[in-house]
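Keep the sequence and the 3D view side by side while reading.

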Amino acid sequence: MSPDAVSLSVVVPLFNEQDVIEKLYEEIARAVEPMKRTWEIVFINDGSTDDTLNRVLDVAGRDDRVVVVDLMGNFGQTAALSAGFDCARGDIIVAMDGDLQDDPSYIPRLVSKLEEGYDIVSGWRKKRKESFLIRRIPSMTANWMLKRISGIDIHDFGTTFKAYRASVVKNVKMYGDFHRFIPALAREMRVRVTEVEVAHHKREYGESKYGIGRTFVVFFDLFRLKFILDYLSKPLQVFGAGGLGLAVIGFILFLYVAFSKFYLGIPIEEKHGPLFITSIMFIVSGVNLFTTGLLGEMILRNLYESGDKKSYYIREIHGTSRESNNSKTLMKTR
């Protein structure tokens, strides 16, 4: 193992968490130090407007195992996690929120479970310290739906607190707010997923970034996820089948109108005007849907063959072990 090799990376996205930085660092270090692994903490500053950046830089200045990825603005939690995963050097990557509602002392349990042969170990916040009506009921409903959509039997998809094999999570392409769906998105890799019950603390620092509006976003994302899991690789089967069905129905109606006109002598304008218009609309709509399916196939092919586009921009990476290899400001796109 080279001197710069890292066994475990703890990835933590941060947005306006200035009050928790020092304690967060101390508790993570206290949790991972006894594990007898080389480790690093990757803090991602996701465009914080308070003193978060300066405080994590202060920590990085005292401990060269701390890396600070400073994004050029606020790109959201999914993009921040993507940046952290891309920069992490560990064979095992643990992701967690930066507000200390996730308990860092459970990191060894997640990693230990991963070593039993799993690819993803999800934390299960069985006793969540949040509003039952606003947060827990929508969460339970979303998790129930996710379990059925993905076929993955875990209770808590929404938690950031998970352990991954780097070879898995680095190959999951995320965008939007899909970080909570990583186990489902990794399904095509035939990953082995399990969960470990973890403590969940009441928020004591800063303000929650999640409101009731996020609940509607999650449920909308469920439909997007269903499409991605079942139909992204075969859009023609979705739009093509629907389009073909409409076109067939329209053609049958058109044949009936034509039969009535030319064989029975029934004037279209007197008896079958609306039916004739409906048949034409069905045929045109069917052709449009079928064409949409073909375009989807072409877009999909271009997506798979295109270069690696990123969902974030990095202003700079700070950390003693990285600065030697990053003498220039780094900028990435995804």
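How many bridges join strand β1 to β4, and do the strands run parallel or antiparallel? Four bridges join them, and the two strands run parallel. The model is a predicted one.

## Strand β4 and its partners

Strand β1 covers residues 8–14. Strand β4 covers residues 92–95. Within this pair, Val-11 stands opposite Ala-95 of β4.

β4 also pairs with strand β6, residues 162–165. Here the sense is antiparallel, again over four bridges.

Is each face of β4 covered or open? Both faces are covered. Ile-92 and Val-94 are buried on one side. Ile-93 and Ala-95 are buried on the other. In a regular strand, side chains alternate between the two faces of the sheet.

## Helix α2: one buried face

Helix α2 spans residues 52–62. Its buried residues are Thr-52, Val-56, Val-59 and Ala-60. Viewed down the helix axis, they fall within an arc of 100°, so they line one face of α2. An α-helix has 3.6 residues a turn, so residues three or four places apart point the same way.

What covers those buried residues? The cover includes strand β1, helix α1 (21–32), strand β2 (39–45) and strand β3 (66–71).

## Salt bridges

The whole structure holds 13 salt bridges. Three of them are listed here.

| Pair | N to O distance | Relative accessibility |
|---|---|---|
| Arg-89 and Glu-40 | 3.2 Å | Arg-89 30%, Glu-40 1% |
| Arg-65 and Asp-63 | 3.0 Å | Arg-65 29%, Asp-63 5% |

Which parts of the chain does the bridge between Arg-89 and Glu-40 link? Arg-89 sits in the loop between helix α3 (77–87) and β4. Glu-40 sits in strand β2. Arg-89 is partly exposed at 30%.

Arg-65 is partly exposed at 29%. Asp-63 is buried at 5%.

Val-196 lies in strand β7, residues 193–197. Is Val-196 buried or exposed? It counts as buried, at 14% relative accessibility.

Leaving aside residues up to four places away in sequence, Val-196 touches Arg-109, Leu-110, Lys-113, Val-121, Ser-122, Gly-123 and Trp-124. Take Arg-109 from that list. Arg-109 is 87 residues from Val-196 along the chain, and their C-alpha atoms are separated by 7.5 Å.

## The surface patch

Which residues make the nonpolar surface patch of about 370 Å²? They are Leu-244, Val-248, Ile-252 and Phe-290. Helix α9, residues 235–262, gives the most, with three residues. Ile-252 is found in α9. Ile-252 has a relative accessible area of 52%, over the 50% cut-off, and is therefore exposed.

## The whole protein

The protein has eleven helices and eight strands. Buried residues make up 45% of its 334 residues. Among contacts with a separation of 6 or more, 79% join residues 24 or more positions apart. The accessible surface comes to about 17300 Å². Carbon and sulfur atoms account for 57% of that surface.

Technical notes
Residues numbered from 1 in each chain as written. Predicted model: local features only at pLDDT ≥ 70, side-chain atom pairs only at ≥ 80, totals over all residues. Heavy atoms only, no water. Buried < 20%, exposed > 50% of the residue type's maximum accessible area, 1.4 Å probe, protein only. Pairing = 2+ DSSP bridges. Arc of directions from axis to C-beta. Contact = heavy atoms within 4.5 Å. Salt bridge = Lys/Arg side-chain N within 4 Å of Asp/Glu carboxyl O. Areas by Shrake-Rupley, 256 points an atom, 1.4 Å probe, with all protein chains shown as cover. Patch = residues over 30% accessible without salt bridge, like charges linked within 9 Å, V, L, I, M, F, W, Y side chains within 5 Å.
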